[in-house]
Amino acid sequence: PKTALTQRNMFSGAGAAAPKEDDEGKLAEMEQMAKAMGMSIDEYQLGMNARMRMEEDINGLRLTAGDENVKVERDGNSPPQHLVITVTEEGKSIGKEALETKLVEILKDASEQSKKGREAAQGNMMQYIGEQMKGMGGPQ
């Protein structure tokens, strides 16, 4: 019955990954995917929700590198979806070659920060899954 399904999903960690009560097609599709992966529907929904949370964390990262004259701001995605490069008149005054060299260094630094941010988001996702699995009676 739908009531039991709704009750079960309320605290399953599925969140946004939970199918709506009236979306039987979506539920059947999720059950197929879960079965193909050797998971219960609750475990599958937890994994989907954890992935969505991680993606939001990565999208929300704002990493900066450089200085007040030449600066890069980016998100945690690779390649970035948010990338802002700021070069002031003073930054331009160092010359084309020096500016190109500086930009390459700054972009590398921002990319390295982004990688660390993604790794942290993945760690947070694994911690979240572990905490939710304990609540579901999964491995401790």
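This is a predicted model: local features need pLDDT of at least 70, side-chain atom pairs count only at pLDDT 80 or more; totals for chains, interfaces and linings use all residues.
Colleague: Start with the whole protein. How many helices and strands does the protein have?

Modeller: The protein has 5 helices and 3 strands. Read from the N terminus, the order is α-α-α-β-β-β-α-α.

Colleague: What share of the residues is buried?

Modeller: Of the 140 residues in the protein, 29% are buried. The accessible surface is about 9,100 Å². Carbon and sulfur atoms account for 52% of that surface.

Colleague: Now E43. Where does E43 lie?

Modeller: E43 sits in helix α3, which spans residues 41-60.

Colleague: Why does E43 count as partly exposed?

Modeller: Go by the cut-offs. Buried means under 20% relative accessible area, and exposed means over 50%. The relative accessibility of E43 is 29%, so E43 counts as partly exposed.

Colleague: Which residues does E43 touch, leaving aside those up to four places away in sequence?

Modeller: Contact here means heavy atoms within 4.5 Å. On that basis E43 touches M133 and M136.

Colleague: What share of contacts in the protein joins residues at least 24 apart?

Modeller: Take the contacts between residues at least 6 apart in sequence. Of these, 52% join residues at least 24 apart.

Colleague: Back to the side chain of E43. Which backbone atom lies 2.9 Å from one of its polar atoms?

Modeller: That atom is the backbone nitrogen of S40.

Methods: Residues are numbered from 1 along each chain as its sequence is written. Side-chain values use heavy atoms; hydrogens and water are left out. Helices (H or I, at least four residues) and strands (E, at least two) are DSSP runs, numbered from the N terminus. Buried means under 20% relative accessible area, exposed over 50%, partly exposed in between (1.4 Å probe, protein chains only). A polar contact is a pair of N or O atoms within 3.5 Å; within protein, one must be able to donate a hydrogen and the other to accept it, and residues adjacent in sequence count only if both atoms are side-chain atoms. Accessible areas come from the Shrake-Rupley method with a 1.4 Å probe; for residues, only the protein chains shown count as cover.
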